[in-house]
Amino acid sequence: MSRIPRAVLRQTESTFESRLPPAVKPLPRPEPTGRAIELAFLRWEKRDLGPTERFWRDFGMHIVSRTDDRLIARGAGPAPCIAIAEKGVRNRFVGAAFRMSDDTDLQRYVQTLGGHWLAPEVIPGGGQGVELADPSGRPVWLLQGQSTVDPLPVRAPLVADTNTAHHAPRVNRTVRAPIEPARVVRLGHVVMQTVDFARMADWYQRVLGIIPTDVQYLADGSPTLAFCRLNLGDRPADHHTVVIVGGIEEKVEHSAYEVIDLDALGQGQQVLRAQGHRHLWGIGRHVLGSQLFDYWFDPDGFEYEHYTDGDLFTADFETAYSPLEFGSIWAWGQDAPASMKPKKNLGTLLHVLGLLRRKAITPGRLKLLGQALDAPARPWA
Ligand SMILES: [Fe+2]
């Protein structure tokens with residue numbers, strides 16, 4: 001009699017730092033220079049602003065202003081700006097801007113970290129700011145004193161009205177979420193890949209005072225991915241606002257935007273599909289951060305995420321560690337597309353050989369990264 005193999009489903013298992021096995025190295029936590037309290041906006045350079053404007057509108061952002069050489073968008077929340085695109089010669093992510101706490105001394109960044117003061121007219125929402133270069137050379141803006149704007153009206157979330165097996169508040173009423181773009185409320189997080197994970201993780205923690213919520217490590221116990229949250233003290237902060245991912249490139253992986261609820265995510269997907277935009281992945285639920293997600297490409301191939309229902313933590317919550325596995329990025333939903341991993345082609349091979357020649361990465365680390373990414377994500381599927 002033939003036996004039907006039984007699939008063993010498993011979830012990522014995390015361990016708090018205080019109970020870390022000796023083989024796993026804790027992520028060093030440098031003394032912060034100041035404290036970021038919000039990811040304010042992201043800056044882009046685009047050869048043509050028109051397609052980006054159209055995508056941002058269909059994605060659910062609100063266009064604040066458009067000139068021949070600058071496009072500014074906001075969400076429905078009080079931030080005056082969440083995205084800027086300036087006309088240039090390349091399509092590229094320029095860098096992130098963070099709002100810093102009032103007790104952060106920006107002058108310290110000028111004196112000790114090579115920063116320089118920004119001209120006030122370049123900062124949407126006003127205030128003052130300093131520009132620094134991160135270890136990969138990407139400019140990072142630290143801002144204070146930005147004005148806020150009145151929030152735009154959005155529909156009430158439908159979640160409170162959800163009928164479940166044991167609780168049914170919705171009787172003699174239906175669910176009819178409007179077919180409209182997903183109405184981005186705010187910018188949530190940015191994920192950056194880097195070759196030198198240790199240096200970038202140290203720099204962003206030092207500069208922004210961010211706290212690692214979840215750290216993932218390679219088979220040799222070395223940390224190589226950090227989901228970091230803002231230090232807002234007792235005020236709950238998103239599971240991650242900045243994510244540093246060790247890899248073979250310096251690039252932005254994706255940026256993520258919070259929408260009202262799951263129905264906004266779903267209707268937003270329909271609108272983006274109807275407008276001919278390119279879908280990447282979703283709808284599903286993440287493991288680390290727990291967000292319900294849906295990923296899209298902008299017209300130039302940059303990845304944008306809609307999300308809702310993410311985890312929140314206060315500053316005192318302990319850092320957790322888990323092994324780096326491709327399957328650990330989603331709890332359920334369709335499989336993550338293979339395009340989210342490095343392409344296995346001649347270009348990647350030549351690039352990796354260049355990294356090895358420059359000693360930017362060791363053969364051992366490269367092998368461990370490959371193992372983590374190549375392990376089947378859903379062995380039971
Ligand atoms: Fe994300």
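Residues are numbered from 1 along each chain as its sequence is written, and side-chain values use heavy atoms, with hydrogens and water left out. Because the model is predicted, local features need pLDDT of at least 70 and side-chain atom pairs count only at pLDDT 80 or more, whereas totals for chains, interfaces and linings use all residues.

**The iron ion**

Select the iron ion to begin. Its protein donors are His189 (NE2), His254 (NE2) and Glu305 (OE), lying 2.0 to 2.2 Å from it. Donors are N, O and S atoms within 2.8 Å of the metal (3.2 Å for Na, K and Ca); water is not among the atoms, so sites may look incomplete. Along the chain the donors follow the spacing H-x64-H-x50-E. His254 in strand E15 and Glu305 in strand E18 are 51 residues apart, and the pair links distant parts of the chain. Helices (H or I, at least four residues) and strands (E, at least two) are DSSP runs, numbered from the N terminus.

His254 is buried, with a relative accessible area of 10%, and Glu305 is buried at 0%. Buried means under 20% relative accessible area, exposed over 50%, and partly exposed in between (1.4 Å probe, protein chains only).

Next, select residues 303–308, which form strand E18. Six of its six residues are buried, so E18 is largely enclosed by the rest of the structure. Glu303, Glu305 and Tyr307 point one way from the strand, while Tyr304, His306 and Thr308 point the other way.

Two strands pair if DSSP finds at least two bridges between them. Strand E15 (residues 251–258) runs parallel to E18 and is joined to it by five bridges; Glu258 stands opposite Tyr307. Strand E17 (residues 292–297) pairs with E18 in the antiparallel sense over six bridges, and Tyr295 has Glu305 as its bridge partner in E18. E17 and E18 form a hairpin with five residues between them, and Gly301 in the turn has a positive phi of about 90°.

**His240**

Move to His240, in the loop between strand E13 (237–238) and strand E14 (242–246). At 5% relative accessibility, His240 counts as buried. Leaving aside its neighbours within four places in sequence, His240 is in contact with residues including His189, Phe227, Cys228 and Gln291. Contact means heavy atoms within 4.5 Å. Select Val191 as well: His240 and Val191 are 49 residues apart in sequence and 9.3 Å apart in space, C-alpha to C-alpha.

**The eight-stranded sheet**

Now display the open sheet of eight strands, with mixed pairing, in the order E3-E4-E5-E2-E6-E9-E8-E7. Strand E3 (62–66) and strand E7 (116–117) stand at the edges, each with a single partner strand, so one side of each is left without a neighbour in the sheet. E7 pairs with strand E8 (residues 128–133) in the antiparallel sense over two bridges, where His116 stands opposite Glu131 in E8.

Helix H1 (residues 49–59) lies across strand E2 (36–46), E3, strand E4 (70–74) and strand E5 (83–87), running at about 165° to E5. Axes are lines fitted to C-alpha atoms, for helices over the stretch in contact, and angles run from 0 to 180 degrees between N-to-C directions.

**The nonpolar core and aromatic rings**

Which residues touch the most other members of the largest nonpolar core? Of its 58 residues, they are Trp56, Met61, Phe98, Leu142, Tyr204 and Leu208. H3 gives the most to this core, with seven residues. A nonpolar core is a set of buried Ala, Val, Leu, Ile, Met, Phe, Trp, Tyr and Cys residues joined through side-chain atoms within 4.5 Å.

Finally, show the aromatic side chains, where the structure holds 17 aromatic pairs. Trp203 and Tyr204 form an edge-to-face pair, 4.9 Å centre to centre with 75° between the planes, and both residues are buried. Rings of Phe, Tyr and Trp (its six-membered ring) pair if their centres lie within 6.5 Å; planes under 30 degrees apart count as stacked, over 60 as edge-to-face and the rest as tilted. Ring pairs also link Trp44, Phe55, Phe59, Phe93, Tyr257, Phe302 and Tyr304 into a cluster.
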